[in-house]
Amino acid sequence: MNQKTKKMVGVGLLTAIVVVLQSLAVIIPVGIFNLNLVLVPIVVGAALYGVAAGAWLGFVSAMMILFTNAGAFLAVSVIGTIITVLGKGIGSGLVAGLVYQALKKVNLNLSVICAAIVCPVVNTAVFLLGCWLFFLPTITGWGEAWAASTGKASFSVVEYMLVGLVGTNFLIELAISIVLSSTIVRIVQIGKSGR
């Protein structure tokens, strides 16, 4: 099988995995959002098949989120939701691929670990930026309700965004990426050797 066909089959398989995992994520809520289970396949795709493959897998993930799990944000701003969700999906795959490419000649383990770390960081950072730009009044309302329910005397929208909105999800997604990075290294080694 030639390299182009292998890449097409590999990216197709990872695309199917992203669709299935993102569909399953709807049933695993952590706080007010669902856990993003597709960051590891995005890193694998970016490492095995390049930056464009990482961006594609992030795009597929984002489209699944838009169709399955973005209702609360779509009700506030359709354009803001689309920009935020596509930005975080594509950005996480793109940056993970760029980090992997930049470090792969230095050390394979380091390149995979850094790509696995940067993927959830970019995903969460772009989400927070989108929340700030497009949904601040809504987020502020949610934060005030969160502060009241937790008995906080004072309210900070930044604290709510970092702790109440994304804190638990981000830490779980980051931990999964770090824990599975050795598995990702093995997958990349097998994929690169052509077995």
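Is Trp142 buried, exposed or partly exposed? At 27% relative accessibility, Trp142 is partly exposed, where buried means under 20% relative accessible area, exposed means over 50% and partly exposed lies in between (1.4 Å probe, protein chains only). The structure is a predicted model, in which local features need pLDDT of at least 70 and side-chain atom pairs count only at pLDDT 80 or more, while totals for chains, interfaces and linings use all residues. Residues are numbered from 1 along each chain as its sequence is written, and side-chain values use heavy atoms, with hydrogens and water left out.

The chain contains ten helices and two strands; helices (H or I, at least four residues) and strands (E, at least two) are DSSP runs, numbered from the N terminus. Their order along the sequence is α-β-β-α-α-α-α-α-α-α-α-α. The radius of gyration is 18 Å, close to the 16 Å that the globule rule gives for 195 residues, so the chain is as compact as a globular protein of that length. This radius is taken over C-alpha atoms, and the globule rule is 2.2 Å times the number of residues to the power 0.38. The C-alpha trace spans about 60 × 30 × 25 Å along its principal axes.

Of the 195 residues in the chain, 43% are buried. The accessible surface comes to about 9500 Å², and 72% of it belongs to carbon and sulfur atoms; accessible areas come from the Shrake-Rupley method with a 1.4 Å probe, and for residues only the protein chains shown count as cover. Contacts (heavy atoms within 4.5 Å) were also examined by separation along the sequence. Among those between residues at least 6 apart in sequence, 69% join residues at least 24 apart.

Helix α2 covers residues 39-49, and ten of its eleven residues are buried, so α2 is largely enclosed by the rest of the structure. The buried residues of α2 include Leu39, Pro41, Val44, Gly45 and Leu48. The buried part of α2 packs against α1 (3-25), α3 (51-68), α5, α6, α9 (167-179) and α10 (181-193). After α2 comes Gly50, whose phi is positive, near 105°.

The structure holds six aromatic pairs. Rings of Phe, Tyr and Trp (its six-membered ring) pair if their centres lie within 6.5 Å; planes under 30 degrees apart count as stacked, over 60 as edge-to-face and the rest as tilted. One of the pairs joins Phe73 and Trp142 edge-to-face, at 5.5 Å centre to centre and with 75° between the planes. This pair links distant parts of the chain, since Phe73 lies in helix α4 (residues 71-74) and Trp142 in helix α7 (residues 136-150), 69 residues apart. Phe73 is buried because its relative accessibility is 9%. Phe134 and Phe135 form another edge-to-face pair, at 6.3 Å centre to centre and with 65° between the planes. In this pair Phe134 is partly exposed, at 30% relative accessibility, whereas Phe135 is buried, with a relative accessible area of 2%. Phe73, Phe127, Phe134, Phe135 and Trp142 form one aromatic cluster.

Phe134 also belongs to a nonpolar surface patch, together with Ile79, Ile83, Leu129, Trp132, Leu133, Val158, Leu162 and Val163; the accessible area of the patch is about 860 Å². Helices α5 (78-103), α6 (108-134) and α8 (157-165) each give two or more residues to this patch, and α6 gives the most, with four. Patches are made of residues with over 30% relative accessible area and no salt bridge, with like charges joined within 9 Å and nonpolar side chains (Val, Leu, Ile, Met, Phe, Trp, Tyr) within 5 Å. A salt bridge is a side-chain nitrogen of Lys or Arg within 4 Å of a carboxyl oxygen of Asp or Glu. One member of the patch, Leu162, lies in helix α8 and is partly exposed at 49% relative accessibility.

Two further positions were examined. Gly143 lies in helix α7 and is buried, at 0% relative accessibility. With residues up to four places away in sequence not counted, Gly143 touches Phe155 and Tyr160. The C-alpha atoms of Gly143 and Glu159 are 8.7 Å apart, and the two residues are 16 apart in sequence. Leu98, in helix α5, is partly exposed at 47% relative accessibility. Between Leu98 and Ser111, 13 residues apart in sequence, the C-alpha to C-alpha distance is 9.8 Å.
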